[in-house]
Amino acid sequence: MIRSYLAILRPVQWLKNLMLFFPPFLGGHLLQPGLAGKGVLPFGAFCMVSSAGYLLNDILDRDRDANHPKKRERPIPAGAVSIRAAAMTALLLLTAGLLTANGVSPRFFWLLAGYTVLSTAYSTALKSVPVVDLFCIAAGFILRLQAGGEVFQVVITPWLFLSVFLLAVFLSAGKRLCEYRLLGSDAGEHRKSLAMYPSGFLDGTMYLTGAAVLVTYIMYTLTRTGLLYTVPICVFGLLRYIFRVQSGKSGDPTESLVSDRQLFMVGLSWTLMVAWSIYW
């Protein structure tokens with residue numbers, strides 16, 4: 001039972017909320033005394049609210065997920081967790097997350113409230129609208145980035161903003177492409193937007209945004225001493241993700257990061273190189 005309740009929270013997806021720490025990490029402020037601890041409550045608030053959003057999505061999609069080759073194993077469609085229990089858990093998490101955010105700062109509260117509205121709109125309607133669904137996911141990452149800037153009082157530069165946004169669209173397109181290929185002719189029954197995407201559109205979107213990410217990231221590194229040498233690692237990471245998607249493996253960003261050794265090493269190497277360039 002405990003395992004099922006933990007699974008519905010999707011803790012592996014909390015890795016996305018580490019985006020909150022990007023502004024101080026890249027800004028060279030993360031090692032200031034007490035600064036890292038300052039992000040504990042905001043990180044917890046985002047984890048609670050994002051898990052509430054996942055629960056809402058699973059409740060609404062329970063019938064479709066029950067016929068999905070992978071999602072049918074989730075606790076809600078599998079019947080391990082009741083709809084009532086899932087709804088109550090989501091409400092408690094949402095309330096606790098927003099109350100925690102209110103204690104951080106008014107602007108952080110409104111950023112998290114905006115994320116809540118976006119997540120709810122996505123789960124109830126927008127995920128069925130082609131292209132809009134990709135932008136909704138990207139907007140979630142941007143809200144995390146802006147929230148991190150607010151918590152640590154770090155200005156988000158234009159090139160960093162563009163890099164994160166384009167990377168989010170790139171990863172979202174790859175994830176949708178994997179779903180489309182996994183489900184085949186039944187894709188539209190599980191996610192309406194998949195049936196509306198023209199053939200080759202998601203491939204083209206992934207390649208287009210991948211190239212744009214590389215350009216914007218290079219421009220960002222040119223404004224920071226030493227970061228230019230992380231570009232080859234990023235090129236390898238982008239190509240590895242494309243290779244993974246085109247090979248028919250999972251395109252979920254967090255799942256890919258934790259299950260693909262090469263992508264995990266890319267993430268670790270990039271973090272260490274950035275830390276060395278900025279802090280040492």
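Arg10 has a relative accessibility of 16%, so it counts as buried; here buried means under 20% relative accessible area, exposed over 50%, and partly exposed in between, with a 1.4 Å probe and protein chains only. Arg10 sits in the loop between α1 (2-8) and α2. Helices are DSSP runs of H or I with at least four residues, strands are runs of E with at least two, and both are numbered from the N terminus. The phi of Arg10 is near 50°, a positive value in a residue other than glycine.

Before going on, the conventions. This is a predicted model, in which local features need pLDDT of at least 70 and side-chain atom pairs count only at pLDDT 80 or more, while totals for chains, interfaces and linings use all residues. Residues are numbered from 1 along each chain as its sequence is written, and side-chain values use heavy atoms, with hydrogens and water left out.

Back to Arg10. Its side chain meets that of Asp58 in a salt bridge, 2.5 Å from N to O; the rule asks for a side-chain nitrogen of Lys or Arg within 4 Å of a carboxyl oxygen of Asp or Glu. Asp58 belongs to helix α3 (residues 40-60) and Arg10 to the loop between α1 and α2, so the pair ties together parts that are 48 residues apart in sequence. Both Arg10 and Asp58 are buried.

A search of the whole structure finds nine salt bridges. One of them joins Arg107 and Glu150 at 3.6 Å, N to O. Arg107 is in helix α7 (residues 106-124) and Glu150 in helix α8, 43 residues apart. Are these two buried or exposed? Glu150 is buried, at 15% relative accessibility, whereas Arg107 is partly exposed, at 43%.

A second residue with positive phi is Gln153, at about 55°, and this is not a glycine either. Gln153 lies in the loop between α8 and α9 and is exposed, with a relative accessible area of 60%.

Now the domains. The protein is divided into domain 1 (1-155) and domain 2 (157-279), with bounds from an automatic or database domain assignment. Their C-alpha centres lie 20 Å apart. Contact, meaning heavy atoms within 4.5 Å, involves 36 residues of domain 1 and 34 residues of domain 2. The area buried between the domains is about 3000 Å², 71% of it from carbon and sulfur atoms; that is the accessible area, with a 1.4 Å probe, that two parts lose on being put together, summed over both. Phe25, Leu26 and Leu134 supply 23% of what domain 1 buries against domain 2, more than any other three residues.

How many salt bridges cross this interface? The rule finds one.

Last, the cores. A nonpolar core is a set of buried Ala, Val, Leu, Ile, Met, Phe, Trp, Tyr and Cys residues joined through side-chain atoms within 4.5 Å. The largest has 23 residues, of which Phe25, Leu26, Leu160, Val164 and Trp270 touch the most other members. Its largest share, five residues, comes from α15. Leu26 touches Leu160, Tyr220, Arg224, Trp270, Val274 and Ile278, not counting residues up to four places away in sequence. Apart from this core lies another, of 20 residues, among them Phe46, Leu112, Tyr115 and Ala147.
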